[in-house]
Amino acid sequence: KPVAVPTIDVVAQNAPSSDTPLLVSLNRKRDSVYCGTFHHDGVGWSAIEPAQVKTLPDALTEAPRPLNVLSQTAIDKDAEALAGVDFSQITIWNESQAIPSAAVVWRLGRAAAARQAYTAAPQLLPIYAREPEAVELWNQRHGRLS
């Protein structure tokens, strides 16, 4: 039976165990990121809240402190867009740690199957946090696709 394994959960498992909450940032596009906040339960990282699209400054400001951040793209603390973010209690880990691993997908999938957290095959679709850029451009030029 199939199980769903979200990429954000896979990337979170790359982070070393810590008592400090973890913010995972994926798919950065213009001023927004797909992000989720996690806590370590002694075995692995578990989501504190569902992942969602936010601006990077909002994601960093709203997350608990202290905070570890794992992002697929480098975060420039000196960027003008991040001028209002207090980085004094934020540790940003190297983006090379945010590469999804097939071994982690397997481990999380196996754990989900053991809990019988199955997903119906027709519902096993990619989750897109935002519309593809081509669709956004079409909508800007021609109105919404129906």
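## Overall build

How many of the 146 residues of the protein chain count as buried, as a percentage? The share is 32%. Here buried means under 20% relative accessible area, exposed means over 50%, and partly exposed lies in between (1.4 Å probe, protein chains only).

This is a predicted model, in which local features need pLDDT of at least 70 and side-chain atom pairs count only at pLDDT 80 or more, while totals for chains, interfaces and linings use all residues. Residues are numbered from 1 along each chain as its sequence is written, and side-chain values use heavy atoms, with hydrogens and water left out.

The protein chain has 4 helices and 6 strands. From the N terminus on, they run α-β-β-β-β-α-β-β-α-α. Helices (H or I, at least four residues) and strands (E, at least two) are DSSP runs, numbered from the N terminus. The C-alpha trace spans about 45 × 45 × 25 Å along its principal axes.

## Contacts and surface

Take the contacts in the protein chain between residues at least 6 apart in sequence: 59% of them join residues at least 24 apart. Contact means heavy atoms within 4.5 Å.

The chain exposes about 9100 Å². Carbon and sulfur atoms supply 53% of that area. Accessible areas come from the Shrake-Rupley method with a 1.4 Å probe; for residues, only the protein chains shown count as cover.

## Two cores

A nonpolar core is a set of buried Ala, Val, Leu, Ile, Met, Phe, Trp, Tyr and Cys residues joined through side-chain atoms within 4.5 Å. The largest one holds 14 residues. Leu23, Leu60, Val69, Leu82 and Ile90 touch the most other members. The largest share, 3 residues, comes from α2.

Leu82 touches Leu56, Pro57, Leu60, Ile75, Asp76, Lys77 and Phe87, leaving out residues up to four places away in sequence. A second, separate core has 13 residues, among them Ala15, Leu26, Trp93 and Ala98.

## Two serines

Ser18 sits in the loop between α1 (7-12) and β1 (22-29). Its side chain reaches the backbone nitrogen of Thr20 at 3.0 Å. That is a polar contact: a pair of N or O atoms within 3.5 Å. Within protein, one atom must be able to donate a hydrogen and the other to accept it, and residues adjacent in sequence count only if both atoms are side-chain atoms. Leaving aside neighbours within four places in sequence, Ser18 is in contact with His40, Trp45 and Asn68. Ser18 and Asp41 are 23 residues apart in sequence and 9.1 Å apart in space, C-alpha to C-alpha.

Ser32 belongs to strand β2. Ser32 counts as buried because its relative accessibility is 12%. Its contacts, not counting residues up to four places away in sequence, are Asn27, Val53, Lys54, Thr55 and Arg130.

Most residues other than glycine have a negative phi, and most peptide bonds are trans. Asn27, in strand β1, has a positive phi near 50 degrees. With a relative accessible area of 43%, Asn27 is partly exposed. Gln116 also has a positive phi, near 60 degrees. Gln116 lies in the loop between α3 (102-114) and α4 (133-142), and its 59% relative accessibility makes it exposed.

A cis peptide bond joins Arg65 and Pro66, with omega about -10 degrees. Pro66 is in the loop between α2 and β5.
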